[in-house]
Amino acid sequence: MAHQRVALWAAEPDLDDDINDVDVDIPIPLPSSTNELYDDPNLQLDEGALQAMQQHIAQQAAFAQIPDVVKRFIVHFHQAVLDNNLQEITVAYESGWTRLTEKYYAKTEWPEAETIAPLVNDDQIFLILYRELYYRHVYSRLQPNVDDRFHSYENSCELFNYLLNSDGPVQLSLPAHWLWDIIDEFIYQFQSFSLFRSRPASKTDDELAMLASEGGAQAWSSYSVLNVLYSLIQKSRANEWLKARAEGKSDEEIEEIVGEYGTKPLYRMLGYFSIIGLLRVHVLLGDFTLALKVMENVGLGQKAPFTAPTAVHVSTAYHAGICYLMLRRIPDAARVFTGVLNWINKTADRMYALLALCHVLAPTRLDDNVMNIVRERYGEQIGRMGRGEEGLSTFEELFLYACPKFISANSPPYDDPAALASMLNPPTPTSPTSQSPNTILNDPTQRHLRAMSSHFLSLTPVPSLKSLLKLYTSLDAQKLTGFLDTSGAGADEEEVLSWMMVMKNAGRCVGRVNITGPAANGEKDNEGGLRPSESLLGGDWMSISDLNFVIDQNMVHIAESTVGRRYAGWFIRNSEHTARVLDGIKASPLPPRTAPPVQKKSVDVPKVEGAPRTAGPKVAWGGVKVA
């Protein structure tokens, strides 16, 4: 029977039409006393009873509108969950749900959980899982309203309360892909609600009243989201499990350490995914140090402890790279982005944009394949950003495109009308082109943008100063000032000295790249030279510039170091490319044979006096020697 179910949902798409003749008619029964109720002429129904009847009739009408193939899918899906048949659940989740969504619900909602409840015998656990899919579909394909946002939060609370507060581990099996999507969607809906809540100017009166209520203040609070993620990690003892695996403990020892919850794949994967989720939440809240701190037992560049979805690796690399970028550890950010950019999905374009920013802020030698793609996509923007202050707008535009939508942990003061009115009607700025201070301070993304823009502006003198110093091995300070003054900078010696200190500081940073340790002694490290044994917040001061200088009295002594090209990797890549080209040539069919060209008969041309000679001995440079 299990084989038949898998074959049913793994078959061709037109199979849906073949099973439409299957009648899945499950009527919703009326109460037994309904007929007697109607026979009494003196009975007066109250408004609540009338509404219940109307709702019941509406559910019957909605149930009748569900296609039979959808009803059959829900019945099979429910049975697979009851049986904990992981294979059937995976096929139904990844294939059946997606295919039926495209065919029947591409632009509308799936039936509500109350409507399909008779199909699953009112199984509340399955209905919670169904609502998780229902609201995820609303968020991804449609536009959620305020009721959807609150109801999705309530359903998430029910799901996590069931997982965390049941008597012992729940007997439920779900595929890793679905478990990651649950955590990822939970955080996405939290982020979406935070952005929705942070814009009071666009709210209706009903929405303002709902957000000002006690339930509105508690819904999707950062405390509740963090509490869920930390509780899942603590319940599954995911950090202890990762640490025990890294120490090489036996399976029996690990089982004793993690306890009854940690031995269940459901809790183990939820705990691991919650660590990745915490990384993302702390990045959204702007706490980049704590974001890296929670990843200490996971590390970067190493393989997941089980077969994790690609989206897990993408989210880890993207948000860890953002942390390093915002902490001004540009080489570490560049290495993290480069290590994952060769094999990921649509998030890659944002990482390429961030890598372009890293290249502008701290040019370093990176993987040639990745950098070629960066130059193809953002070469023009890199050129504009290299012009100093002229490239500020390009820098800000690229950062806003590539960075996550940062959020604030606190909501606007909906419960204080005076404070809310002051936020909605800020004082008029003195300059017509300047932004209101409240607008900037209340937008987390703008705060982070200002921090990165100020860092970019502080480095604007570096490119021109660096290109000038590369021309000399030693240079008089007064002469250097004269060069910069001639170029229109209008600088004096004190200002040039401050620029050189900025350049010196920009050439050094804390990084985990190529630091001394086991990898230096021949131990194989991970992608980008980042080893899981090292703390993600650790590192040493390192030089990231190929130009160094020393100021001795009034003389500037310059030393340039050139990093040798990695010829081994270059030859390997080109050898592989040559082999592929040769295989393609060998596999291509031979060209058809063509008949030899017909030789034309020579025609005697009469000699014309004065015509240039076409024969005779030639001179050294190729012409004909005239007799």
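Contact here means heavy atoms within 4.5 Å. Helices (H or I, at least four residues) are DSSP runs, numbered from the N terminus. Your model is predicted, so local features need pLDDT of at least 70 and side-chain atom pairs count only at pLDDT 80 or more, while totals for chains, interfaces and linings use all residues. Residues are numbered from 1 along each chain as its sequence is written, and side-chain values use heavy atoms, with hydrogens and water left out.

**Stop one: α14 and α15**

Select residues 238-246 for α14 and 251-262 for α15; their axes come within 9 Å and cross at roughly 170 degrees. Axes are lines fitted to C-alpha atoms, for helices over the stretch in contact, and angles run from 0 to 180 degrees between N-to-C directions. This crossing makes α14 roughly antiparallel to α15 (angles over 145 degrees count as roughly antiparallel, under 35 as roughly parallel, 65 to 115 as roughly perpendicular and the rest as oblique). Now show the side chains: E240, W241, A244 and R245 of α14 meet I254, I257 and V258 of α15. That contact has 5 nonpolar, no polar and 2 charged residues. Ala, Val, Leu, Ile, Met, Phe, Trp, Tyr, Cys and Pro count as nonpolar, Asp, Glu, Lys and Arg as charged, and the others, Gly among them, as polar.

**Stop two: α10 and α16**

Move on to residues 176-197 (α10) and 265-284 (α16), which pack at about 30 degrees with axes 9 Å apart. That makes α10 roughly parallel to α16. Among the residues that meet here are W180, I187 and F190 in α10, and M269, F273 and R280 in α16. By class, this contact has 14 nonpolar, 3 polar and 2 charged residues.

**Stop three: the largest cavity**

A cavity is a set of points, on a 1 Å grid over the protein atoms alone, where a 1.4 Å probe fits but cannot get out, and lining residues have an atom within 4 Å of a point. The volume of the largest cavity is about 100 Å³, a volume being the space filled by probe spheres set on the points. Which helix gives the largest share of the lining? It is α9, with 5 residues. The lining divides into 5 nonpolar, 4 polar and 3 charged residues.

**Last stop: α26 and α28**

Finally, select 461-469 (α26) and 493-506 (α28), packed at about 95 degrees with axes 10 Å apart. That makes α26 roughly perpendicular to α28. P461, V462, L465, K466 and L469 of α26 meet W499, M500, V502 and M503 of α28.

Terms used
Helices (H or I, at least four residues) and strands (E, at least two) are DSSP runs, numbered from the N terminus. On a 1 Å grid over the protein atoms alone, a cavity is a set of points where a 1.4 Å probe fits but cannot get out, and a pocket is an open set with protein on both sides within 12 Å along at least five of seven lines; lining residues have an atom within 4 Å of a point.
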